[in-house]
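Here is a friendly briefing to read alongside the sequence and the 3D view. Take a look at the model, then work through the points below.

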Amino acid sequence: MQISVYRLVTGALLALLLAACGDANEQAASQAAEPQRDNTREVADYYAANPEFFGFRTPADLPAGLVWENGDHLPEIGSPQATKGGTLYGRLQDFPRTLRTIGPDSNGSFRALLLDDVGMTLAKVHPENLELYPGLAEAWSVDWENKTVYIKLDRNATYSDGVPITADDYLFMFWFYRSAYVNAPWYNNFYGSQYTNITRYDDHLISISMPEAKPDMPNRALQIQPIPRHFYREVGDDFTERYQWKFAPTPGAYIVREEDIRKGRSIALTRLDNWWAKDKKFYRYRFNPDRIQLNVIRDTPKVFEAFKRGDIDQFSLDLAEYWYQKLPDDDPDVQAGYIKKAVFFNERPRPPLGLWINTSQPLLDNRDVRLGIAYATNWELVIERFFRGDSSRLNTGNDGFGEFSHPTLKAREFDIEQAQKYFAAAGFKQRGPDGILVNDAGQRLAFTLSCGWESLKDVLTILKQEAAKAGLDFRIEMLDGTASWKKVQEKKHDIAFSGFGRFLEMYPRYWEHYHSDNAYDDAFLPDGSTNPERKLKTQTNNLEAFAVYEMDQLIDRYRASEDREEMIEVSHRMLELHHDYASFVPGYYQGFFRLGYWRWVRYPEGFSYKYSDGPNELHVLWIDTAAKEETLAARKAGIGFEPSITVYDQWAE
């Protein structure tokens with residue numbers, strides 16, 4: 001997270017205030033024009049129509065002999081030295097398109113601050129040992145034989161608007177995620193197929209059942225969040241528009257206030273002073289700043305300038321250029337101790353960064369073309385030059401999952417001869433006057449390579465230059481992050497340099513990326529042959545339009561299996577099938593994260609945790625306001641402190 005102080009001259013401030021008033025008036029008028037509706041009866045009818053899924057019993061119906069656990073033996077997260085207060089200043093590359101956390105345009109980077117990192121589930125995976133620690137649950141009991149987890153809800157839990165969280169919010173959650181109104185195929189499928197029952201015993205006691213007793217069954221039951229039924233009572237056909245800029249009540253520590261939304265410019269989060277979990281173990285030393293102020297700064301060099309001025313509190317140094325060159329160890333601010341540098345090695349599933357090839361596009365539906373692209377893509381040189389050898393080559397789209405990842409499969413290396421062989425098999429045998437291959441019809445071997453990461457544009461330049469040696473033209477298209485994501489979600493890309501975050505899970509997911517359900521409507525006929533009338537499906541994470549009948553069958557088997565060894569075997573076969581299809585060119589991964597931060601930003605003694613994704617994921621930092629005043633005064637007076645350049649390599653591979 002990278003952050004900045006808003007610097008405004010008088011004229012700009014006046015314009016900003018007028019624009020803010022306009023936004024408020026526009027939103028008020030829009031809300032006034034919205035027709036009122038109440039889905040209470042519709043939801044109740046849905047429960048009644050699905051009695052096998054929605055159960056209603058009493059505590060007397062609980063099985064005898066349940067053994068309850070609560071994760072209380074696990075260590076705290078964060079530091080007892082942490083203090084509350086202050087503002088963390090950061091940046092957004094582009095403004096979020098919505099405050100919804102589900103539906104079109106909702107899966108952007110800002111969502112982590114609304115849901116993934118800040119929101120609360122019944123329980124979460126501890127970042128030090130992968131065991132479950134409580135969130136909204138007080139305790140739970142696992143019944144493996146009956147594929148059911150019984151859950152006692154924390155009676156003190158409330159939403160940010162003060163409304164208590166009860167069992168009814170979890171029943172409503174299943175209606176919500178299974179509803180066509182939310183326009184979210186992944187949620188519809190996952191919550192419609194991966195759970196078989198939710199039973200309400202009283203306001204604070206539920207059970208959740210699953211179709212299979214998979215190895216991570218407790219995690220699947222407990223890592224769900226409630227949906228505030230009182231807030232979503234108006235959900236209907238206009239859900240996307242009605243809730244576009246409405247902040248949903250949250251059980252988490254931070255809220256977004258209407259007055260802090262300045263569309264296109266900035267957005268802020270405010271910590272709740274009366275947050276219900278502020279004194280709970282695992283949470284009391286986290287979520288410390290009173291406010292997180294995020295301003296839109298699109299270009300990385302400008303972000304770095306803001307950081308060096310002290311307008312932004314911290315800056316990612318993952319890029320070698322910034323770690324070694326722009327902020328070297330001998331930088332005056334580093335040597336004076338004003339800015340600290342840290343690198344932390346972690347262990348976790350690696351994001352699938354690479355080239356996602358849209359196989360629904362002409363030529364890209366040809367496997368020979370895709371194989372040629374794989375051999376014409378020089379990730380080795382990118383790692384050597386751009387990352388200065390600090391990154392490693394990714395081999396598949398699911399590395400870092402232990403036994404579930406493939407033990408021997410390797411990504412194809414740059415090989416001009418092999419690339420030209422496959423291009424020739426696809427009919428591209430002659431080079432045009434610019435050196436790019438053409439077929440007999442005079443068609444150039446050229447594809448648009450889209451990317452939403454401005455800071456990685458030089459990566460694309462290297463790939464373009466190297467691909468040209470094999471006769472392939474990458475037409476580079478740099479978009480802002482939101483526009484890039486929208487394009488790939490609508491499946492309008494040729495090839496996207498992209499990736500997805502990875503949750504802390506025992507085994508990888510395959511359905512969302514590789515099942516034909518997320519590529520086409522009715523991709524195959526009953527006999528497994530291609531449906532000639534199939535239509536491309538948008539707003540899914542199958543960015544490759546990957547549709548292979550055998551893969552569908554393997555995914556269905558994988559999802560239904562309760563046997564760990566069988567799942568490992570099937571996982572390996574799916575990775576081999578995906579590799580053979582060549583619709584993804586694995587890129588790179590970093591087994592660490594690097595950070596520059598002003599000395600008033602404090603971290604726990606060990607800085608972060610073994611399975612953490614980045615410095616801000618767990619929200620364990622705090623702002624030392626006294627140290628900020630001291631640092632700024634010392635810098636002005638030319639007084640220095642002890643330099644701090646620390647490598648936390650206890651979890652290095």
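This is a predicted model: local features need pLDDT of at least 70, side-chain atom pairs count only at pLDDT 80 or more; totals for chains, interfaces and linings use all residues.

Gln314 lies in strand 13, which covers residues 314–316.

- Is Gln314 buried or exposed? Gln314 counts as buried because its relative accessibility is 0%, and the cut-off for buried is under 20%.
- The side chain of Gln314 makes a polar contact of 2.8 Å with the side chain of Tyr603.
- The side chain of Asn616 is also a polar partner of the Gln314 side chain, at 2.7 Å.

**Asn288, a loop residue**

- Asn288 sits in the loop that runs between strand 11 (266–271) and strand 12 (291–296).
- With a relative accessibility of 0%, Asn288 counts as buried.
- Which backbone atom does the side chain of Asn288 reach? It is the backbone oxygen of Leu621, at 2.9 Å.
- Leaving aside residues up to four places away in sequence, Asn288 touches Ala82, Thr83, Lys84, Gly85, Tyr254, Arg271, His619, Val620, Leu621 and Trp622.

- Asp94 is in the loop between strand 2 (87–92) and helix 3.
- Asp94 has 12% relative accessibility, so it counts as buried.
- Beyond residues up to four places away in sequence, Asp94 touches Val296, Arg298, Asp480, Gly481 and Thr482.
- From C-alpha to C-alpha, Asp94 and Ser109 are 9.4 Å apart in space, with a separation of 15 residues in sequence.

**The two ends of helix 13**

- What caps the N-terminal end of helix 13 (residues 416–425)? Asp415 does, with a side-chain oxygen 3.1 Å from the backbone nitrogen of Glu417.
- Just after helix 13 comes Gly427, which takes a positive phi of about 100°.

**Domains**

- The domain assignment gives domain 1 (40–271), domain 2 (308–347 + 593–648) and domain 3 (354–589).
- The C-alpha centres of domain 1 and domain 2 are 33 Å apart.
- How many residues of domain 1 are in contact with domain 2? There are 20 of them, and they meet 17 residues of domain 2.

**The second largest pocket**

- This pocket holds about 340 Å³ of space.
- Strand 27 (601–602) and strand 29 (645–648) each supply at least two residues of the lining.
- The lining of the second largest pocket is made up of nine nonpolar, eight polar and five charged residues.
- Why does the second largest pocket count as lying between domain 1 and domain 2? The reason is that both domains give residues to its lining.

**The largest cavity**

- Rolling a probe the size of a water molecule over the atoms shows where empty space is left.
- A search of the whole structure finds five cavities of 30 Å³ or more.
- The largest cavity has about 300 Å³ of space.
- The largest cavity is lined by 24 residues, with Thr101, Leu115, Tyr232, Ala248 and Pro249 the closest to its centre.
- Helix 3 (111–116) and helix 4 (167–178) are the elements that give two or more residues to this lining.
- By class, the lining of the largest cavity has 18 nonpolar, four polar and two charged residues.

**The second largest cavity**

- The volume of the second largest cavity is about 130 Å³.
- Its lining has 13 residues, and the closest to the centre are Gln194, Arg220, Arg509, Tyr510 and Arg559.
- Two or more lining residues come from each of helix 5 (185–193), helix 16 (511–514) and helix 17 (549–560).
- Sorted by class, the lining of the second largest cavity has seven nonpolar, one polar and five charged residues.
- Between which domains does the second largest cavity lie? It lies between domain 1 and domain 3, because both give residues to its lining.

Note on methods: Residues are numbered from 1 along each chain as its sequence is written. Side-chain values use heavy atoms; hydrogens and water are left out. Helices (H or I, at least four residues) and strands (E, at least two) are DSSP runs, numbered from the N terminus. Buried means under 20% relative accessible area, exposed over 50%, partly exposed in between (1.4 Å probe, protein chains only). A polar contact is a pair of N or O atoms within 3.5 Å; within protein, one must be able to donate a hydrogen and the other to accept it, and residues adjacent in sequence count only if both atoms are side-chain atoms. Contact means heavy atoms within 4.5 Å. On a 1 Å grid over the protein atoms alone, a cavity is a set of points where a 1.4 Å probe fits but cannot get out, and a pocket is an open set with protein on both sides within 12 Å along at least five of seven lines; lining residues have an atom within 4 Å of a point. Grid points are joined across faces, edges and corners, and a volume is the space filled by probe spheres set on the points. Ala, Val, Leu, Ile, Met, Phe, Trp, Tyr, Cys and Pro count as nonpolar, Asp, Glu, Lys and Arg as charged, and the others, Gly among them, as polar. Domain bounds come from an automatic or database domain assignment.
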